[in-house]
Amino acid sequence: MKTIAILGGGFCGTITAVNLSRLSHDPRRIVLINHRFPLGRGVAYSTKRPEHLLNVVARNMSALADDLTNFVEWLRTRCEYSDVPDAQLREQFLPRRIYGDYLLALLHAHARPERNRSGSSIESLEGEAIRITPNGKTATIELADGREVHADKILLATGNLPPADPIVDGQPFRHSGYLKCWEYSEKQLIDRNKSIILLGTGLTMVDVYLTLTELQWQGRVTAVSRHGLLPNSHFQGIEYTGFPSQDPTALSLAALVSEIEEHCARLNRDGINPALLVDKLRPFTQLIWQHFSNDERRTFLQQYRARWNVNRHRIAQLIHQRVSEGLAQGKLQVERGEIRELQAAGAKIRVGLQDAGGEQRTIDGDLVMNCLGPQERLSAAASPLLQQLITDGIVALDDLDLGVRVTAEFATIDRDGRPSNVLYAIGPLLRGTLWETTAVPELRVQTFQVAHILGEIPLRLDRPDPTWPAQRGMELIEYCI
């Protein structure tokens with residue numbers, strides 16, 4: 001029996017294991033190796049806080065690319081949703097902890113061989129993988145505790161890298177008042193009168209702010225970032241024709257920006273939210289990115305990424321309203337400026353900022369919470385495994401150092417340009433190749449595709465979308481909506 005090892009027990013790893021188990025024609029031993037966060041939930045869905053909601057409505061959160069109503073149907077098994085009208089349930093932004101329950105339920109349903117037509121099994125191992133050693137047509141995974149797993153195929157599904165700590169005097173900043181998002185304990189927030197500075201103004205900052213309000217926080221809350229932009233709210237879309245006016249994958253970055261700005265002006269004149277254009281581009285985004293030159297990708301990252309993100313990664317209307325009320329009432333303040341330094345100021349922490357004009361200022365806080373989002377430079381990853389793979393040349397960084405190089409069928413490419421016949425990668429590790437590779441609508445397609453590739457499963461012909469091409473690989477990614 002062939003062994004397929006999956007490194008990472010979050011969404012990508014879990015659903016790839018589920019797809020392998022339920023779709024395989026022959027028995028497979030599937031080993032799911034998980035570290036740090038709860039199996040099946042990962043960092044995204046391990047929160048226990050009810051105020052942390054999904055950023056996508058229920059109807060588009062099925063984890064199975066060939067069963068797009070699966071999540072809504074599963075919700076009907078829970079008493080709190082059993083009587084909710086279908087039209088209402090499909091449009092709800094549900095708690096992320098509920099979605100974690102859903103992923104774990106799928107895993108349990110397909111873990112045992114007697115529950116799958118192929119007799120495949122899913123084994124879970126808790127431990128940190130620190131080394132992969134290729135052995136011709138197979139490879140060995142070494143865990144930190146000395147255990148080894150021998151596999152015919154290995155999938156890197158390690159998810160987002162943790163946020164990078166600010167560097168002070170050549171070392172990661174450390175202070176008793178310095179906290180990391182998703183690693184802090186509520187015991188560290190007992191004194192509700194302390195001032196707190198949140199580094200970053202994106203989705204993670206919003207989650208932390210919501211928790212602070214639920215804890216009846218009385219101290220000053222200040223969020224800082226270079227651009228000072230907050231996530232926008234979801235809104236009811238409308239029919240809008242004429243954009244894009246031509247195949248957007250054939251446009252240069254400059255031409256695409258010009259067309260977007262033209263339509264933004266038109267929509268603003270008509271009182272329509274211009275973020276509608278981001279939705280219209282969604283089916284093409286990955287192909288657009290792949291057609292950009294490296295110079296165009298760098299320009300996008302430097303000049304347009306922040307604006308793209310606040311319009312692309314939107315939040316539920318109710319959450320946006322709570323953040324807006326916090327700003328209006330002075331409970332939340334936003335400071336714009338590049339974070340230049342952190343230093344201890346007695347029991348407090350001093351944050352040094354520099355605005356676009358070069359003017360510098362400081363803010364003192366009792367606590368500082370790192371909400372900066374994932375580390376983006378893969379070469380700076382704190383993961384011993386990723387560092388070993390890079391150092392040994394088993395994987396090669398993409399040209400922007402955002403992820404690893406892969407073939408169209410997700411096989412990693414080594415330092416000498418050779419594709420692996422054992423090692424594969426999906427999810428955020430493909431950011432440099434695809435850019436959009438973190439949301440469920442994209443990831444469920446990747447997990448569906450890579451399961452067919454790893455399990456040598458013929459692609460089913462009864463796919464829900466008849467426009468899907470018959471070939472396997474990244475050609476299918478554009479059909480992720």
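Biologist: What share of the 481 residues of the chain counts as buried?

Modeller: Keep in mind that this is a predicted model. Buried means under 20% relative accessible area, and 52% of the 481 residues count as buried.

Biologist: How many helices and strands does the chain have?

Modeller: There are 14 helices and 19 strands in the chain.

Biologist: What makes the chain as compact as a globular protein of that length?

Modeller: We set its radius of gyration, 23 Å, against the globule rule, which gives 23 Å for 481 residues. The two values are close, so the chain is as compact as a globular protein of that length. Along the principal axes, its C-alpha atoms fill a box of roughly 60 × 55 × 50 Å.

Biologist: Which residues touch the most other members of the largest nonpolar core?

Modeller: That core has 74 residues, and those touching the most other members are Phe 11, Phe 71, Tyr 99, Ile 132, Ile 141 and Ile 154. Take Phe 71: leaving aside residues up to four places away in sequence, Phe 71 touches Leu 54, Ala 58, Met 61, Ser 62, Leu 94, Tyr 99 and Tyr 102. There is also a second, separate core of 27 residues, with Val 208, Leu 210, Trp 217 and Ala 223 among them.

Biologist: Why is Arg 36 called partly exposed?

Modeller: Buried ends at 20% and exposed starts over 50%, with partly exposed in between. Arg 36 has a relative accessible area of 46%, so it is partly exposed. You will find Arg 36 in the loop between β2 (28-34) and α2 (70-75).

Biologist: Where is Glu 456, and what is its phi?

Modeller: Glu 456 sits in the segment after α14 (440-454), and its phi is also positive, near 50°.

Biologist: How do you know that the peptide bond from Phe 243 to Pro 244 is cis?

Modeller: Look at omega: for this bond from Phe 243 to Pro 244 it is near -5°, and the bond is cis. Most peptide bonds are trans. Pro 244 lies in the loop between β12 (221-225) and α6 (253-269).

How values were computed: Residues numbered from 1 in each chain as written. Predicted model: local features only at pLDDT ≥ 70, side-chain atom pairs only at ≥ 80, totals over all residues. Heavy atoms only, no water. Helix = DSSP H or I, 4+ residues; strand = E, 2+ residues; numbered from the N terminus. Rg over C-alpha atoms; globule rule 2.2 N^0.38 Å. Buried < 20%, exposed > 50% of the residue type's maximum accessible area, 1.4 Å probe, protein only. Core = buried A, V, L, I, M, F, W, Y, C linked by side-chain atoms within 4.5 Å. Contact = heavy atoms within 4.5 Å.
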